[in-house]
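User: I would like to learn how to read charged side chains in a model such as this one. Could you take me through the general idea and then the case at hand?

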Amino acid sequence: MATKTLSVDEDAYRALVRQRKHQTESFSQIIKRSKCDDGPKRSGALLDRAAGTISEDSLRRLTEAQEDNLPPADKSLDRSSAT
């Protein structure tokens with residue numbers, strides 16, 4: 001299987017190490033079992049498809065909701081728990 005080389009800062013490295021279930025678990029395995037976002041889960045594509053088929057007010061409210069939609073904080077990179 002092809003591989004890629006990544007550079008991460010010290011905090012990210014320590015976060016990966018803390019996520020290991022056992023000493024032989026690779027960072028690839030950790031990343032694959034993590035709950036990474038598979039791409040934006042926003043309503044932009046829906047809004048594009050819906051243009052002209054729903055009211056302007058509904059589009060405005062959906063746009064506002066999308067702008068307020070922020071991803072949750074990544075707890076694995078919480079610096080307060082670093083040693």
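Analyst: Helices here are DSSP runs of H or I with at least four residues, numbered from the N terminus. In this predicted model, glutamate 25 is found in the loop between helix 1 and helix 2 (27-33).

User: Is glutamate 25 buried or exposed?

Analyst: Buried means under 20% relative accessible area, and glutamate 25 therefore counts as buried, because its relative accessibility is 6%.

User: Which residue meets the side chain of glutamate 25 in a salt bridge?

Analyst: Side chains of opposite charge can pair when their charged atoms come close. Here the partner of glutamate 25 is arginine 33, at 2.8 Å from N to O, and arginine 33 is partly exposed, with a relative accessible area of 32%. A polar atom of the glutamate 25 side chain also lies 2.7 Å from the backbone nitrogen of lysine 21. Leaving aside neighbours within four places in sequence, glutamate 25 is in contact with Gln19, Arg20, Ile30 and Arg33.

User: How many salt bridges does the structure hold, and where do arginine 60 and aspartate 57 lie?

Analyst: The structure holds 6 salt bridges, one of which joins the side chains of arginine 60 and aspartate 57 at 2.4 Å, N to O. Both of these residues lie in helix 4 (residues 56-68), 3 residues apart, which is about one turn of the helix. Salt bridges that share partners join Asp57, Arg60, Arg61 and Glu64 into one network.

Conventions. Residues numbered from 1 in each chain as written. Predicted model: local features only at pLDDT ≥ 70, side-chain atom pairs only at ≥ 80, totals over all residues. Heavy atoms only, no water. Helix = DSSP H or I, 4+ residues; strand = E, 2+ residues; numbered from the N terminus. Buried < 20%, exposed > 50% of the residue type's maximum accessible area, 1.4 Å probe, protein only. Polar contact = N/O pair within 3.5 Å; in protein donor to acceptor, adjacent residues only side chain to side chain. Contact = heavy atoms within 4.5 Å. Salt bridge = Lys/Arg side-chain N within 4 Å of Asp/Glu carboxyl O.
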